[in-house]
Amino acid sequence: MKKTGAEILWECVVREGVEVVFGYPGGANMPIYDAMLSYPVHHVLVRHEQGGAHMADGYARASGKVGMAMGTSGPGATNLVTGIATAMMDSVPVVFVTGQVAAHLIGGDAFQEVDVTGITLPITKHNYLVTRADEIAEVVREAFYIARSGRPGPVLIDICKNAQVEQCEFVYPETVKLPGYQPVDHAPKDALERAVKLIEKAQRPVILCGHGVLVSKAEEVLMNFAVKTQTPVASTLLGLGAFPASHELSLGMMGMHGEVHTNMAIQNSDLILAFGMRFDDRVTGTLKTYAPHAKKIHVEIDPSEVHKNVAVDVPLVGDLNTVLTDLVPMVDEYDHEEWKKQIHNWKSEADKRSIMNWPDDGKLYVPHLIEDIWKATGGGAIISTDVGQHQMWTAQYYALDKPNRWLSSGGAGTMGFGLPAAIGAWFADKEQEVWAVAGDGGFQMTAAELTTAVQEGANVKVAIMNNSFLGMVRQWQEFFFEKRYSAVNMLSPDFVKLAEAHGVPARRVTKREEVDEAIAWARSIKGPTVLEFRVEQEDAVYPMVPAGAALDQMIQRPARA
Amino acid sequence: MNYTFIALVENKPGVLNRVASLFRRRNFNIESLAVGRTEDPEVSRMTVVVDCPNGDMDAHKIEANLYKLVNVIDVQDVTRQPSVTRDLALIKIKVGPEKRAEVNGLAEIFRAHIVDVAVDSVIVEITGTEDKIEGMIELLRPLGIVEMVRTGQVAMTRGVNDGVRRVPGVAGNHRFEDMSELAEMAP
Ligand SMILES: Cc1ncc(C[n+]2csc(CCOP(=O)(O)OP(=O)(O)O)c2C)c(N)n1
Ligand SMILES: [Mg+2]
């Protein structure tokens, strides 16, 4: 049957299982919006395309499905760019569909013409410029397949206006034909055997659990492996939740703001088992002294990550779930009692400095607030963050036991991510409690999406940690620029009034004793709410590995007098 | 050191741009790049010569990153593989009739051809390895080169042997299933 290109787009999108799409209309995608009315997809009208991109991203992270966002040509597409780069850096499957001027106008600087495939080439896993209706079915099929398979990532489809309105025969392609794209699953047997030999010899092994564990749904087999070999598990920022924080083998987060005993364990280990992580500079510290005594096994689906930052002894290129499933029966049981005791001692020593052991002085500290939210929600909420100090504190103190509940922009560190990502996540599971923790700075970057939340009835709880500073930058200026504060003092609007103007119930919390009641109040309301916490202004995130320092050279919280 | 790669890519618009963009983004220096059709109309072939200061480790990076491009079908490193490599140059020399014989003589030695003769210039066409072409250019230079164009190197391995494929697990065409020998050479 003949259909327009726009109809074919939706035919294919619906077949991919898309139920919700986040977008913004304009001249170059009007036929797509028109055709959409006849298809069973829910469209969320965002307030800025960046917000739409982050919503699709948050939806994808929370659901494990492919997210979808749309924008018109020119400025609509360029507004998506930050969101696309954010998804790319964190390997999140999102399909972006942008409108483009008619094919015959391309290259002529037509109204709202921007070379979108050119701009997004380095920040997409793949992208397409579609100039004819009869290309659409195949392209959409490929785009979703590429986005979700292998190492996931964003794929952009730029569709010329003529291709949206032209008609052609619609035949749904049953298969994809991509001769150069065949993600691997199993790692070769001999490599597995060499890995087993290293595991046999290890006295002080550590697992580094990355985002790949979640992507390949390897949580269970990771647990089997860790328990069978009694190997402690440290997590990257994006790996949080893949291994239960409350498990006795869990070491929590590693890296720049990782825990002391975790970084100590890595630096003193004799075997690193890197599972679905990429040795980002934020988790290694200086490479010169990184885990100097450790042999390294790297399980990774993307061969270009192998040896990229850290040379490894045994690379196992394949799907993590498959590789670990192959590996578990091959390894023996161990107990590693001494090693675990050693790590425990490091932990007890470090805990003495923990802010959690401070006496209550009536002030609001973010770590305490995060723990309060954690307690109130039973540790089971989906929690999204913005970027900055509050992000690190949330990572440290919202101890997650379940996967796919942690949404944070790791690789890109995109301020403005928190609120829209939380809204997107709510669409993944509307029964699930969703919290967005944001700083006063980052919240203002995408605050307009509060109205989107109201319009959609998105039950998202926002906690603004207002320290009146671009706190993380202030912290760096305090530590590394002799406290010369430059452009970090931030005046904010009255967040309560701002929220109320958007139709969002809101409260300001300034005292310790108000906290529990305020959290309970927010949770009791169905629909979006905002809590503004006036927190200690110049607190710093500890521990901290200064950029370029060795991983065990941590600045620790000063001891209390 | 210069490494030579042969990449088979899907013959689609924009693929050359993707490859070039990748080299720029990952900070690799392309010495030469030649693209053309193959026996299969759906496949183009690129010969890329790249400076690899870290040797095989860089070569691994280049291969692995090329495979990240969805349109790249196959990559092999033929640097150390016996192969035929060819570059073609057109060189215009400013010479009048009195010196044409000298150019002719040089051309003969290098098995080059004079493909155009004008009143006070000739065009020499030479095909061969880069070294051979460099050699000829040196000798022609004193006569006065006014214009030159080169195609960039193309390569084909001799016999039935392919080059090295370092990246595991891609499209079933890998020879080196693990990369542990590279560990020694890491940065
Ligand atoms: C879009 C963007 N711009 C700038 C930065 C640099 N940056 C990182 S953290 C930070 C401060 C964030 O301040 P705030 O949102 O108030 O959070 P806080 O650190 O105070 O918790 C800045 C400016 C960034 N990550 N993203
Ligand atoms: Mg702040």
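User: Where is the place of Pro543(A) in chain A?

Analyst: Pro543(A) lies in the segment that follows strand S20 (529-534) of chain A. Please note that the model is predicted.

User: Which peptide bond involving Pro543(A) is cis, and what is its omega?

Analyst: The bond in question joins Tyr542(A) to Pro543(A), and its omega is about -10°.

User: How many aromatic pairs are found over all chains, and why is the pair of Trp339(A) and Trp346(A) edge-to-face?

Analyst: A search of the whole structure gives 14 aromatic pairs over all chains. For Trp339(A) and Trp346(A), the ring centres are 6.0 Å apart and the planes meet at 90°, so the pair is edge-to-face; the cut-off for that class is over 60 degrees. Both tryptophans, Trp339(A) and Trp346(A), are buried. Another edge-to-face pair is formed by Trp426(A) and Phe427(A), with 5.0 Å from centre to centre and 75° between the planes. Trp426(A) and Phe427(A) are each buried.

User: Which residues form one aromatic cluster with Trp426(A) and Phe427(A)?

Analyst: The cluster also contains Phe22(A) and Tyr59(A).

User: Which helix does H17 (residues 418-428) of chain A pack with, and how is such packing described?

Analyst: Two packed helices are characterised by the angle between their axes and the distance between those axes. Here H17 of chain A packs with helix H19 (residues 449-456) of chain A at an angle of about 20°, and the axes are 9 Å apart. Angles under 35 degrees count as roughly parallel, and H17(A) and H19(A) are therefore roughly parallel to each other. Their crossing is left-handed. On the H17(A) side, the residues that meet H19(A) are Leu419(A), Pro420(A), Ile423(A), Trp426(A) and Phe427(A). The H19(A) side contributes Glu449(A), Leu450(A), Ala453(A) and Glu456(A).

User: Which rings have the charged end of an arginine sitting over them?

Analyst: The charged end of Arg474(A) sits over the ring of Phe469(A), 5.7 Å from the ring centre. Likewise, the charged end of Arg557(A) sits over the ring of Trp358(A), at 5.0 Å from its centre.

User: Is Gln475(A) buried or exposed, and which residues is it in contact with beyond four places in sequence?

Analyst: Gln475(A) belongs to helix H20 (residues 471-480) of chain A. Its relative accessibility is 0%, so Gln475(A) counts as buried. Leaving aside neighbours within four places in sequence, Gln475(A) is in contact with His257(A), Gln389(A), Ala540(A), Val541(A) and Met544(A). Gln475(A) and Asp539(A) are 64 residues apart in sequence, while their C-alpha atoms are 8.1 Å apart in space.

Note on methods:
Residues numbered from 1 in each chain as written. Chains lettered and ligands numbered in written order. Predicted model: local features only at pLDDT ≥ 70, side-chain atom pairs only at ≥ 80, totals over all residues. Heavy atoms only, no water. Phe/Tyr/Trp six-rings, centres within 6.5 Å; stacked < 30°, edge-to-face > 60°. Buried < 20%, exposed > 50% of the residue type's maximum accessible area, 1.4 Å probe, protein only. Lys NZ or Arg CZ within 6 Å of the ring centre and 35° of its normal. Axes fitted to C-alpha atoms, helices over the stretch in contact; angles between N-to-C directions. Helix = DSSP H or I, 4+ residues; strand = E, 2+ residues; numbered from the N terminus. Parallel < 35°, antiparallel > 145°, perpendicular 65-115°, else oblique. Left-handed = near helix turned anticlockwise from the far one by under 90°. Contact = heavy atoms within 4.5 Å.
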